[in-house]
Amino acid sequence: MSMSASILSVLSEDLLVRIYACLDPPCRKTWRLISKECLRVDSLSRTTIRLLRVEFLPALLLKYQNLSSLDLSVCPKLDDDVVLRLALDGTVSTSGIKSLNLSRSTAVRARGLETLARMCHALERVDVSHCWGFGDREAAALSSAKGLKELRMDKCLSLSDVGLARIVVGCSNLNKISLKWCMEISDLGIDLLCKICKGLKSLDVSYLKITNDSIRSIALLPKLEVLDMVSCPLIDDVGLQILENGAPSLQEMDVTRCERVSLSSLISIVRGHPDIQVLKASHCVSEVSASFLKHIKGLKHLKVIWIDGAHVSDSSLVTLSSSCRSLMEIGLSRCVDVTDLGMMALARNCLSLKTVNLACCGFVTDVAISALAQTCRNLEILKLESCHLITEKGLQSLGCYSKLLQELDLTDCCGVNDRGLEYISKCSNLQRLKLGLCTNISDKGIFHIGSKCSKLLGLDLYRCAGFGDDGLAALSRGCTSLNRLILSYCSELTDTGVEQIRQLEHLSHLELRGLKNITGVGLAAIACGCKKLGYLDLKLCENIDDSGFWALAYFSRNLRQINLCNCSVSDKALCMLMSNLSRVQDVDLVHLNRVTVEGFEFALRACCNRLKKLKLLAPLRFLLSSELLETLHARGCRIRWD
């Protein structure tokens, strides 16, 4: 008997379940391979699943009978017929499913939604965001899910007040709904929503062309805690002032880019809701006045404030920070008046700060960064894009004191050099680093990141022309957890460096745009090693020949989005790609000079049942067969003619 088997034999099932609950997803995958007992515990304990291939759905539902959350958003072949076949399969049970993600499932229409609502009796949360074909008929079908509590319908462009009415009448227990970008929704629909769903706690009406009449209805919601109204062009001060004496439970509000909203209406919100915790007013307030600061003093529980784009003087920042000492996040991007004096006061007074956005604050120097690093020891996210006065001195302080830093944005910071990267590499918990347009870094600096930032998950090196193959090799060796890598227009890279990317087994997002020195050899190496790749940008990679695309077709079966614009792919290679990449859903195929009309026709026919977004040159609209275009449309594919 092996050691692992002997240990497992004395552990009770309850204890095994507890151990399983402490494991992260990669470890759970290994757990299933240990023994039959571990596999059984996995089957009993698993409550959520994200499916890539819909043909496995019946078997997985049979295996994992305690599932409560089902994510079908990345299943390219999901449609009404699949759902109906599942309903007729008497061996599977979906009665325990409470959460269903159908985001971007454009081929699931009214018939499929009605079937799903009938099958999942316990359904409480549904996401149909970006289903551009989701309209009033689909809403009526979904309304049969009587127990629905949370519904997300972002960018359901065909949904109107009629469909919304069917949902709110059928699902009156809704407490969270998002209608972002549902452009056909008007005041009438919002009014009915607020009258029937009195228990609403979260409402997102961002980008809708609703008026102050909707605000009057929203103000009557007694339990509303979160209200998002980003870029609502018809909402003005009169509307927001109505909220001063309404929505008594309001704790979070976002009026970012509401161009007709001014400081006076924000004062009304603050005055009427002294317990508000999150206030986001980016790019709608021109300045922070003394009157506003007077009322801010009463917000003792304020944790998040965004005032990006406003004129914020140092004295204003001193007053704000001394009044709101519980601040954990502040947005000051494009606040051009902010200087070191104000930032030092902020750091001194708000010791709990975790997120600071100072993008495009041109007068902020190393002094401010050092103050933040030394006093705000819980700092996790720092955004310094286009802060040109930041140098290695400020980065040295971050390396010494910001041990919890997880995300750092230094895009277009011309003062960042190799020595600065050496200091940053001491932030051992760093997960996301943006260095795009930093022209003074070389392989030497990148080597420090690769050797010490082993937890790095995302790295942006857009147009960093100073580093090359040796630096990329160091990154590939040391940052093996990377899942997102941007190398676009790094002109010194060749196949020698790009081949090293194959060591990044977890890589899912890769941008190689404009790398003219890589060929099919480099792409083939990436395809062989990076089996989890889901997004690939090869635009303007003109020297990749068909050998690279053949390898991509054979090995990169998880690709869901690919950009091939201006590539040298041939008819045969394109057909093989579109046929073999069974999960591809989003494709850009502009300026493919070696591909004929017949090549496009055959390639698109090979994948028309799973495409959701497609970009083609405008003349092809009249050259491709009408039958093909109709099929793509019927399957829910949106075509952008360039």
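Contact is taken here to mean heavy atoms within 4.5 Å. The model under discussion is predicted.

1. Setting aside residues up to four places away in sequence, Asp-366 touches Leu-389, Ile-390, Thr-391, Lys-393 and Gly-394.

2. Helix α16 spans residues 340–349, and seven of its ten residues are buried, so the helix is largely enclosed by the rest of the structure. The buried positions are Asp-340, Gly-342, Met-343, Ala-345, Leu-346, Ala-347 and Asn-349. The elements covering them include the helices α15 (314–323) and α17 (366–375), together with the strands β12 (329–331) and β13 (355–357).

3. In helix α20 (residues 443–452), the buried residues are Gly-445, Ile-446, His-448, Ile-449 and Gly-450. Their cover includes α19 (418–424), β16 (432–434) and α21 (469–478).

4. How are helices α23 and α24 packed, in angle and in distance between axes? Helix α23 (residues 520–529) meets helix α24 (residues 546–555) at an angle of about 10°, with the axes 7 Å apart. Since angles under 35 degrees count as roughly parallel, α23 is roughly parallel to α24. On the α23 side the contact is made by Gly-520, Leu-523, Ala-524, Ala-527 and Cys-528, and on the α24 side by Ser-547, Gly-548, Phe-549, Ala-551, Leu-552 and Phe-555. By class, this contact has eight nonpolar and three polar residues, with no charged residues.

5. Helices α25 (residues 571–580) and α26 (residues 597–607) also pack at an angle of about 10°, here with their axes 8 Å apart. The angle makes α25 roughly parallel to α26. Asp-571, Leu-574, Cys-575, Met-578 and Ser-579 of α25 make the contact with Gly-599, Phe-600, Phe-602, Ala-603, Ala-606 and Cys-607 of α26. These residues divide into eight nonpolar, two polar and one charged.

6. Leu-564 is placed in the loop between β21 (561–563) and α25. Its relative accessible area is 0%, and the residue is accordingly buried. Apart from neighbours within four places in sequence, Leu-564 is in contact with Leu-538, Phe-549, Leu-574, Leu-577, Asp-588, Leu-589 and Leu-592. Among these, Phe-549 takes part in the contact of α23 with α24, and Leu-574 in that of α25 with α26. Asp-588 is 24 residues from Leu-564 along the chain, with 5.9 Å between their C-alpha atoms.

7. Is Ser-402 buried or exposed? Ser-402 is found in the loop between α18 (392–401) and β15 (407–409), and at a relative accessible area of 1% it is buried. Not counting residues up to four places away in sequence, Ser-402 touches Ala-373, Leu-379, Ser-397 and Cys-427.

8. The whole structure contains 18 salt bridges. One of them joins Lys-195 to Asp-191, with closest N and O atoms 3.2 Å apart. The two residues are four apart in helix α10 (residues 187–196), and about one helical turn separates them. Lys-195 is exposed at 54% relative accessible area, whereas Asp-191 is partly exposed at 24%.

9. In helix α19, Arg-419 and Glu-422 are three residues apart, about one helical turn. Their salt bridge has closest N and O atoms 3.6 Å apart. Arg-419 is partly exposed at 42% relative accessibility, and Glu-422 is likewise partly exposed, at 26%.

10. Glu-601 and Arg-605 form a salt bridge with an N to O distance of 3.1 Å. Both lie in helix α26, four residues apart. Glu-601 counts as buried at 13% relative accessibility, while Arg-605 is partly exposed at 36%. Salt bridges with shared partners join Glu-601, Arg-605 and Glu-627 into one network.

Notes. Residues numbered from 1 in each chain as written. Predicted model: local features only at pLDDT ≥ 70, side-chain atom pairs only at ≥ 80, totals over all residues. Heavy atoms only, no water. Buried < 20%, exposed > 50% of the residue type's maximum accessible area, 1.4 Å probe, protein only. Axes fitted to C-alpha atoms, helices over the stretch in contact; angles between N-to-C directions. Parallel < 35°, antiparallel > 145°, perpendicular 65-115°, else oblique. Nonpolar A, V, L, I, M, F, W, Y, C, P; charged D, E, K, R; others polar. Salt bridge = Lys/Arg side-chain N within 4 Å of Asp/Glu carboxyl O.
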